Amino acid sequence: MTRRWPWGLVAGYSLVVALGQVLESLGADRLSPSEGSTAIRIGVSAALLVVAVSGAAITASPRKAPAGPLLLALAGIWAATSVLTGGAAYGLQHHWSLATEAAWLAAPSGLVVAFLIARLLLGFPDGPTTRKTRIVARAQVLALALGVPALALGSGKLPGGIDVANPHQLHGAVISQLPGVAALCFAVLFLTGLGAIVELQRRRRKAQGESRQALTAVSLPMSTLFIGLALLIFGPSGATDAVAQVVMLTSLATLGVAMAVAILRYRLYTLDIVLERSVVLLMLVAAASAAYVLAVLGVGAIVGSTRPSYGLSVVATTGTAVALLAVQRRAVGLARRVVYGRRATPYEALAGFARQVSTVLSLDRVLPATAEAAWTGTGARTVRVEVTLANGTTRASTWPPDAVLDSVDAAVDVVHEDEVIGRLLLEYVRGDRPDATRERLLADLAHQAALAIRNVRLAADLEVSIAEVQASRLRIVEAQDHERRRVERDLHDGAQQRLVQAGLTVRMATDALSSNPEDVAGLLAQAGEELRSARTELRELARGIHPAVLTEAGLAAAVESLAERASVPVTVTVATKRMEPALESAAYFVVAEALTNIAKHAQASSAQVAARVQNGMLLLSVCDDGRGGADPRHGTGLQGLRDRVSAVNGVLRLSSPPSGGTELVAEIPCVQ
Amino acid sequence: MATSVLIVDDHPGFRGRARELLERSGFLVIAEAQDGASALRETRRGHPDLVLLDVQLPDTDGITLAPLLMAANPSTRIVLISVREAASYGARLTNCCAIGFLAKDELSGPALSELLGAA
């Protein structure tokens with residue numbers, strides 16, 4: 001479950017920082033030179049927002065890494081310090097009594113920031129989990145606990161950007177040691193942080209694969225951050241301060257992003273979201289600042305006053321707020337393009353898709369094109385397009401080509417003339433949500449894709465039926481060969497043997513004429529018998545090849561003759577006139593094969609054959625009251641019949657429930 | 001002494017007719033066999049002088065079986081018979097160890113005696 005509150009926090013920080021910026025710029029002359037510089041202040045805001053966004057991305061992700069809340073806290077303290085310092089500076093200008101209190105509150109922030117950074121580095125990314133790191137963590141907490149009161153109660157000038165004496169300083173011998181205590185606490189935090197970096201380098205050398213990459217990504221900004229921190233703490237004051245601050249700010253911002261990348265590495269695309277939101281926030285801050293400066297300076301110049309007035313501030317703030325609304329939408333679009341780059345606007349995606357599919361006629365190209373257009377237009381992580389063909393098989397394509405759809409965040413049916421012919425499935429980047437524009441794009445895309453997919457589906461269906469026709473043609477030829485072999489074998493085993501016997505018998509009779517004339521009559525009678533059975537077998541064989549009765553008298557008579565020779569009583573209801581020979585023949589062999597199967601397998605006591613023509617279709621059925629449970633996949637006989645029936649554009653259905661009874665139905669288009 | 005004969009053919013009708021014809025011509029039919037396995041068994045047991053061997057058998061074919069029968073009984077002589085004419089089998093017949101071939105409807109005592117005399 002992704003959390004949303006971290007992003008709300010980031011938005012809150014942005015407002016606080018903006019307020020701090022305004023206050024600091026108004027009270028700039030009370031700030032120390034390094035704090036007062038506009039460039040530094042803008043840098044601070046940018047770095048802060050990047051840190052906040054990184055922290056929010058980690059916190060919002062399902063991976064619970066302590067770095068997330070720490071980065072968020074760091075940004076929070078930073079934002080609070082900004083507004084307190086700015087408020088103090090502005091307040092001091094106007095001699096407000098609370099101003100020094102604000103400066104006092106901001107005073108320990110340096111130490112808290114140092115604590116958070118040192119704590120962030122400790123045992124990254126899991127935090128202090130070993131005994132050693134837990135001891136170090138306790139030392140850091142102790143340094144924080146001692147350092148904050150030492151800074152708050154120490155004598156003299158307050159630390160921080162405001163030149164003001166500590167309003168709550170204590171006096172006494174022990175108290176005079178407080179600055180030393182504070183320095184010691186800083187040193188503890190600095191050294192433990194340094195130790196954590198050394199430890200991290202050691203772990204990085206031992207690590208392999210992804211975790212090594214992750215630690216590498218983090219270790220560089222960590223190191224530069226510490227160089228900046230060292231410069232700030234130990235370097236000569238004044239000149240190096242600005243450099244140290246720039247180094248630290250850059251490092252902190254980089255560190256935040258690097259940590260987010262490292263922690264979310266196993267799903268790196270989340271980085272897109274971090275970047276996108278960072279870019280949006282930065283642009284909003286920039287736009288707000290620009291609008292504000294323009295309003296104050298521009299209107300101020302027209303009015304002729306160089307001093308800020310409350311009225312003007314209110315007008316400027318309202319104007320900025322209104323401007324922000326307009327800027328935000330464009331900023332989001334711009335940020336998407338900056339972050340996703342290669343992805344086009346929804347319109348471009350649709351237009352490109354329409355161009356592409358207007359020419360192609362193969363599923364292999366339309367499906368990826370549809371998926372890619374949806375991916376480009378919506379910014380989804382993965383898109384899958386599925387199409388169901390007429391024969392029930394599914395074809396699918398995923399974009400990007402090597403991606404796998406882990407979950408379905410959005411699904412759109414591809415509909416053509418009220419028939420769902422396919423689906424578009426999308427998985428969004430984590431944390432991203434479909435908006436109205438993208439939903440509209442998906443609907444439009446599904447609509448456009450429907451026609452293209454319908455066309456290529458027809459083509460694919462055609463391919464499938466051509467393949468089926470080719471297969472059945474081969475089967476028909478094979479069946480024919482098989483049939484010829486059977487006829488040859490039947491002739492050889494049957495009629496030919498009888499004729500050979502008759503020949504031998506006649507030869508014996510010839511021989512007997514001289515030796516045993518009394519045997520001749522018996523032998524000739526025997527030869528006559530053998531010739532008669534040869535004739536019967538030839539007639540049976542001829543009927544098997546093609547029944548004369550079918551040619552001469554039609555289906556009804558032929559089925560009657562089949563029924564007469566069947567193994568069980570058969571009721572025949574055939575009410576058809578003469579039809580085309582191929583059609584009559586197909587129907588006849590369906591009945592013949594069905595009756596043979598009933599005799600062989602069904603264990604039936606009776607059967608019915610019915611045939612009639614209705615609406616230009618010959619409806620033929622053969623059913624029995626046998627045991628049922630016939631498997632249509634078995635037996636070449638049924639496949640042969642299916643081929644025969646489909647050759648005359650008919651369909652064959654077998655229904656044979658295990659509970660009993662078998663029905664074979666053929667529907668063949670016919671003209672009577 | 002009459003020539004002893006083993007008739008090997010899978011059609012009982014033909015075996016019966018052939019037995020009657022050969023016996024009328026003075027041959028002594030000592031056994032009938034319906035397939036290769038029983039032909040081999042009868043050859044070992046009866047040592048026939050002549051085996052009338054059908055080319056098409058359910059478990060083997062006469063041309064393959066002939067050398068096995070010769071090995072079982074070297075003194076036996078084999079005449080191949082078939083419903084088909086000799087041309088259907090080509091060179092396989094002439095290369096075979098049989099002394100001759102008869103189409104089934106040409107079977108007669110004199111024809112067999114002629115083949116035996118020539119051999």
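**Reading a predicted two-chain model**

Guide: Let's jump in with Glu488(A), which counts as partly exposed at 39% relative accessibility. In this scheme, buried means under 20% relative accessible area, exposed means over 50%, and partly exposed is in between (1.4 Å probe, protein chains only). This is a predicted model, so local features need pLDDT of at least 70 and side-chain atom pairs pLDDT 80 or more, while totals for chains, interfaces and linings use all residues. Residues are numbered from 1 along each chain as written, chains are lettered from A and ligands numbered from 1 in the order written, and side-chain values use heavy atoms, without hydrogens or water.

Visitor: Which residue forms a salt bridge with Glu488(A)?

Guide: A salt bridge here is a side-chain nitrogen of Lys or Arg within 4 Å of a carboxyl oxygen of Asp or Glu. For Glu488(A) the partner is Arg84(B), with the closest N and O atoms 2.5 Å apart. This pair crosses between chains: Arg84(B) is in the loop between β4 (77-82) and α4 (91-94) of chain B, and Glu488(A) is in helix α15 (residues 436-493) of chain A. Helices (H or I, at least four residues) and strands (E, at least two) are DSSP runs, numbered from the N terminus.

Visitor: Is Arg84(B) buried or exposed?

Guide: Arg84(B) is buried, because its relative accessible area is 18%.

Visitor: How many salt bridges does the structure hold over all chains?

Guide: The count is 24. Helix α17 (residues 520-545) of chain A has a pair you can look up, Arg532(A) and Glu529(A), three residues apart, about one turn of the helix. Their side chains meet at 2.9 Å, N to O. Arg532(A) is partly exposed at 43%, and Glu529(A) is partly exposed at 46%. Glu540(A) and Arg543(A) also lie in helix α17 of chain A, three residues apart. Salt bridges that share partners also join Asp519(A), Glu530(A), Arg17(B), Glu20(B) and Arg24(B) into one network.

Visitor: What is the strand order in the open sheet of chain A?

Guide: Two strands pair if DSSP finds at least two bridges between them. Five strands of chain A line up as β5-β6-β7-β9-β8, with mixed pairing. At the edges sit β5 (570-575) and β8 (651-655) of chain A, each pairing on one side only. From one strand to the next, the twist averages 10 degrees. Zoom in on β6 (residues 607-614) and β7 (residues 617-624) of chain A: these two run antiparallel and are joined by eight bridges.

Visitor: Which strands of chain A does helix α20 lie across?

Guide: Axes are lines fitted to C-alpha atoms (for helices, over the stretch in contact), and angles run from 0 to 180 degrees between N-to-C directions. Helix α20 (residues 581-602) lies across β5, β6, β7, β8 and β9 (662-669) of chain A, at about 10 degrees to β7(A). Helix α19 (residues 555-564) of chain A lies across β5 and β6, and runs at about 175 degrees to β5(A).

Visitor: Leaving aside neighbours within four places in sequence, which residues is Thr81(A) in contact with?

Guide: Contact means heavy atoms within 4.5 Å. With those neighbours set aside, Thr81(A) touches Ala106(A) and Ser109(A). Thr81(A) belongs to helix α4 (residues 67-93) of chain A and is buried, at 16% relative accessible area. Gly20(A) is 61 residues from Thr81(A) along the chain, yet their C-alpha atoms are separated by 8.3 Å.
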